[in-house]
Amino acid sequence: MFKRTSAAVLAASLALAAAGCGDTGDDTGGGTSSGGGSKTLTVFAAASLTETFTALGKTFEAAHPGVKVRFNFGGSDSLAQGIAQGAPADVFASASPATMKTVTDAGDAAGTPRVFTRNRLVIAVPPKDPGKVAGLADLSRSGLKVVLCAPTVPCGAAAKKALAAANVKVAPASEESDVKAVLTKVSLDEADAGLVYRTDAKAAAGKVKAIEFPESAKAVNDYPIVEVKKAPQGALAERFIQLVLGAQGRAALTAAGFEAP
């Protein structure tokens with residue numbers, strides 16, 4: 001299922017996590033960290049969570065003086081493989097249960113993953129919509145340059161389900177490693193359309209236009225989160241997860257366009 005993942009992406013995941021955790025010790029106390037020792041909490045998270053988790057990371061740092069939250073955002077499949085191959089992450093937030101299963105099957109999850117939000121697809125087009133796209137069926141038109149996520153990535157798997165539900169066949173101009181890469185190609189007019197998450201289109205308002213389509217209801221993705229087994233910062237990892245699951249996390253996710261699980 002994951003053969004398309006590049007070795008370079010996995011190497012980058014491992015290097016980033018190692019750099020983030022090299023100066024930390026395990027947080028075993030109940031209070032916040034202060035004074036002499038700084039701590040780094042390393043969170044591997046789906047690319048579609050970039051804006052929301054970055055903001056929550058700042059909230060977490062403000063509540064935990066001396067703690068730095070380091071994020072590794074990317075395709076969930078690549079991140080899951082990185083963890084399964086030994087990347088020292090503390091938290092993993094995936095864009096689908098299927099990619100989370102890579103971590104749980106490898107025995108690298110501390111406890112049971114919890115679904116904290118949901119997301120669905122929209123069609124992203126450049127603001128002037130040169131391809132005159134009105135719905136999912138238009139993506140099959142000859143000459144229209146469409147980009148999708150790779151099928152091993154949650155947004156790619158969701159796109160496949162949505163297209164199948166609409167009985168639409170698309171020959172993509174490219175298959176990207178994560179949803180942000182699809183969004184970038186559309187925003188730079190390098191593609192006429194792409195299937196991205198509603199939240200990503202909302203974050204890029206003004207750079208792309210979002211077109212809703214009914215078949216998105218057939219391909220809604222659940223997002224699970226879990227503490228990684230043997231997390232260098234286990235106690236902090238659970239606190240971050242509680243922030244995501246709690247009222248502040250729900251409010252931030254709702255404001256970004258995510259749906260309640």
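Me: Which residues does the disulfide join?
Reply: In this predicted model, the disulfide joins Cys149 to Cys155, with an S to S distance of 1.8 Å. The structure holds 1 disulfide.

Me: What's the handedness of the disulfide?
Reply: The torsion about the S-S bond of Cys149 and Cys155 is about -100°, so the disulfide is left-handed.

Me: Are Cys149 and Cys155 buried or exposed?
Reply: Both Cys149 and Cys155 are buried.

Me: Where does Thr152 lie?
Reply: Thr152 is in the loop between β6 and α5.

Me: Buried or exposed, Thr152?
Reply: Thr152 has a relative accessible area of 9%; the cut-off for buried is under 20%, so Thr152 counts as buried.

Me: And what does the side chain of Thr152 make a polar contact with?
Reply: With the side chain of Asp77, at 3.0 Å.

Me: How do the residues of the pocket lining divide?
Reply: The lining of the largest pocket has 9 nonpolar, 2 polar and 3 charged residues.

Me: How many cavities of 30 Å³ or more?
Reply: The count is 1 cavity of 30 Å³ or more. The largest cavity holds about 60 Å³ of space.

Me: Which residues lie nearest the centre of the largest cavity?
Reply: Ala46, Ala47, Ala95, Val153 and Tyr197 lie nearest the centre, out of 13 residues that line the largest cavity. The lining of the largest cavity divides into 8 nonpolar, 4 polar and 1 charged.

Me: OK, helix α6. Which residues of α6 are buried?
Reply: In α6, residues 179–187, the buried residues are Val179, Lys180, Val182, Leu183 and Val186. They cover an arc of only 155° around the axis, which puts them on the same side of α6.

Me: Why do residues three or four places apart point the same way in an α-helix?
Reply: An α-helix has 3.6 residues a turn, so residues at that spacing point the same way.

Me: What reaches the backbone nitrogen of Lys180 at the start of α6?
Reply: A side-chain oxygen of Asp178 comes to within 3.0 Å of the backbone nitrogen of Lys180 there.

Me: And at the other end, which residue follows α6?
Reply: Asp189 follows α6, and the phi of Asp189 is positive, near 60°. Asp189 is a residue other than glycine, and most residues other than glycine have a negative phi.

Me: Where does Asp189 lie, and is Asp189 buried or exposed?
Reply: Asp189 lies in the loop between α6 and β8, the latter being residues 193–197. At 56% relative accessibility, Asp189 counts as exposed.

Me: What about the phi of Lys132, what value is it near?
Reply: The phi of Lys132 is near 50°, again a positive value in a residue other than glycine. Lys132 has its place in the loop between β5, residues 121–125, and β6. Lys132 is exposed, at a relative accessible area of 61%.

Me: Different topic. Which helix is Thr199 in?
Reply: Thr199 is in helix α7, residues 198–203. With a relative accessible area of 5%, Thr199 is buried.

Me: What does its side chain make a polar contact with?
Reply: The side chain of Thr199 makes a polar contact with the side chain of Asn119, at 2.9 Å.

Me: Last one, Gly57. Where is the place of Gly57?
Reply: Gly57 is in helix α2, residues 50–63. Gly57 is buried, with a relative accessible area of 2%.

Me: How many residues apart in sequence are Gly57 and Phe240, and what about in space?
Reply: Gly57 and Phe240 are 183 residues apart in sequence, and 8.3 Å apart in space, C-alpha to C-alpha.

Conventions
Residues are numbered from 1 along each chain as its sequence is written. This is a predicted model: local features need pLDDT of at least 70, side-chain atom pairs count only at pLDDT 80 or more; totals for chains, interfaces and linings use all residues. Side-chain values use heavy atoms; hydrogens and water are left out. Ala, Val, Leu, Ile, Met, Phe, Trp, Tyr, Cys and Pro count as nonpolar, Asp, Glu, Lys and Arg as charged, and the others, Gly among them, as polar. A disulfide is a pair of cysteine sulfur atoms within 2.5 Å. Buried means under 20% relative accessible area, exposed over 50%, partly exposed in between (1.4 Å probe, protein chains only). Helices (H or I, at least four residues) and strands (E, at least two) are DSSP runs, numbered from the N terminus. The arc is that of the directions from the helix axis to the C-beta atoms. A polar contact is a pair of N or O atoms within 3.5 Å; within protein, one must be able to donate a hydrogen and the other to accept it, and residues adjacent in sequence count only if both atoms are side-chain atoms. On a 1 Å grid over the protein atoms alone, a cavity is a set of points where a 1.4 Å probe fits but cannot get out, and a pocket is an open set with protein on both sides within 12 Å along at least five of seven lines; lining residues have an atom within 4 Å of a point. Grid points are joined across faces, edges and corners, and a volume is the space filled by probe spheres set on the points.
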